[in-house]
Amino acid sequence: MITAYAYQNRQLIITELSVGDKVPESTLWLDLLRPEDEEREWLSLFSTEEVPDEEDVKEIEASARFYQNQDGLHINSLFPQRVGSDVRAVNVSFNLREQFLLTIREEDVGLIRLLRNYLRLGRLDLTTPQGLMLELFYLKVDYLSDLIEDVYSILENVGEQVFNDEELDDVFKLITLQEDSNGKIRLSLLDTQRSLRYMQRYYRDNLSDENLKGIREMLSDIESLMPHSQFIFDKLQFLLDAAMGFSGLQQNKIIKIFSVSAVVFLPPTLIASSYGMNFHLMPELDWRFGYPLAVVLMLASAAGTYFFFKRKGWL
């Protein structure tokens with residue numbers, strides 16, 4: 001799907017394009033969502049370089065994620081996307097040209113929908129492709145900050161749940177999920193930091209002083225968010241260790257019960273086995289009270305062992 005956003009008479013005009021259509025005049029932003037082969041061929045008609053495909057966008061090398069050519073500045077950046085209780089990282093390809101901003105993505109991104117709504121409602125006064133791209137990065141940094149706060153709030157009650165036997169399974173699942181989410185948040189922060197530093201270093205001649213100031217502010221915000229992300233990692237590790245320790249403690253208690261039970265019933269077993277040998281010269285075998293005496297001895301020995309352990313504080 002190809003969508004063109006243009007400003008005409010201070011109003012945002014949104015146009016859905018098909019293969020063969022011309023890009024409207026005054027287009028500020030050209031967005032391609034899940035482009036098909038025909039749409040990529042149509043885009044290559046006004047591109048001097050090859051249009052990046054999905055595999056190119058996923059490359060992690062700096063030379064593949066940040067570069068410049070005759071088509072302008074190219075940046076492939078990870079954008080966070082919350083799906084239920086999980087956080088995903090979606091690759092978005094940016095091509096900042098002199099005339100417009102081109103974005104290519106394989107998945108819908110909530111921040112792009114938010115930016116589109118802001119533009120439609122007139123909440124943003126953006127007239128340049130550079131400003132549009134940086135505004136999307138502003139929203140991204142703010143959203144990453146919100147995601148970190150969400151992880152904080154989720155972990156607030158985990159400490160109490162760790163010491164609840166019935167909730168241990170849910171605690172392990174929650175810790176694993178939040179560790180994965182925090183990892184993707186941190187990855188998005190690092191990726192955004194690399195993107196902005198590349199723009200600051202190699203594209204500064206094409207940016208206004210206001211845009212450069214905005215980049216410095218975003219870099220400062222990212223630097224302040226990094227320690228929070230690391231603190232969450234440390235807290236998650238502590239909670240995981242605490243949950244593992246408590247789980248091991250509970251298992252040790254169960255093993256302790258079985259061990260004590262085996263020791264408690266050891267004397268009665270000895271008595272029962274002694275009278276089960278059936279030797280010929282055993283006076284108690286012919287005694288009238290032999291069986292009651294054996295039962296009393298077994299019960300007394302078990303009770304004596306139990307109270308001995310109880311007095312020692314082993315139970």
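**Note on charges and helices in this model**

1. Asp 191 and Lys 140 are both buried (buried is under 20% relative accessible area, exposed is over 50%, and partly exposed lies in between, with a 1.4 Å probe and protein chains only). Still, Asp 191 makes a salt bridge to Lys 140, with 3.7 Å between the closest N and O atoms (a salt bridge needs a side-chain nitrogen of Lys or Arg within 4 Å of a carboxyl oxygen of Asp or Glu). Asp 191 sits in helix H7 (residues 168-202) and Lys 140 in helix H5, so this pair ties together parts 51 residues apart in sequence. Helices here are DSSP runs (H or I, at least four residues; strands are E, at least two), numbered from the N terminus.

2. Before going on, the ground rules: this is a predicted model, where local features need pLDDT of at least 70, side-chain atom pairs count only at pLDDT 80 or more, and totals for chains, interfaces and linings use all residues. Residues are numbered from 1 along each chain as its sequence is written, and side-chain values use heavy atoms, with hydrogens and water left out.

3. The salt bridge count comes to 10. One of them joins Arg 197 and Glu 223 at 3.0 Å, N to O. That pair links distant parts of the chain, with Arg 197 in helix H7 and Glu 223 in helix H8, 26 residues apart. Arg 197 is partly exposed at 37% relative accessible area, and Glu 223 is partly exposed at 40%.

4. Asp 180 is partly exposed at 31%, as is Lys 184 at 23%.

5. There is also a salt bridge network, made of Asp 31, Arg 105, Asp 108 and Arg 113.

6. What makes up the negative surface patch? Its members are Asp 142, Asp 146, Glu 149, Glu 217 and Asp 221 (patch residues have over 30% relative accessible area and no salt bridge, with like charges joined within 9 Å). Helices H5 (129-155) and H8 (209-264) each give two or more residues, and H5 has the largest share with 3. Asp 146, in helix H5, is partly exposed at 39%.

7. The unreviewed UniProt entry annotates residues 254-277 and 289-309 as "transmembrane region"; such annotations may be inferred rather than shown by experiment. In the model, 254-277 is 83% helix and 0% strand, with its end C-alpha atoms 34 Å apart. For 289-309 the values are 95% helix, 0% strand and 30 Å.

Note on methods. Patches are made of residues with over 30% relative accessible area and no salt bridge: like charges are joined within 9 Å, nonpolar side chains (Val, Leu, Ile, Met, Phe, Trp, Tyr) within 5 Å. Accessible areas come from the Shrake-Rupley method with a 1.4 Å probe; for residues, only the protein chains shown count as cover. Lys and Arg count as positive and Asp and Glu as negative; His and the chain ends are not counted. The place of a charge is taken as NZ of Lys, CZ of Arg, CG of Asp or CD of Glu.
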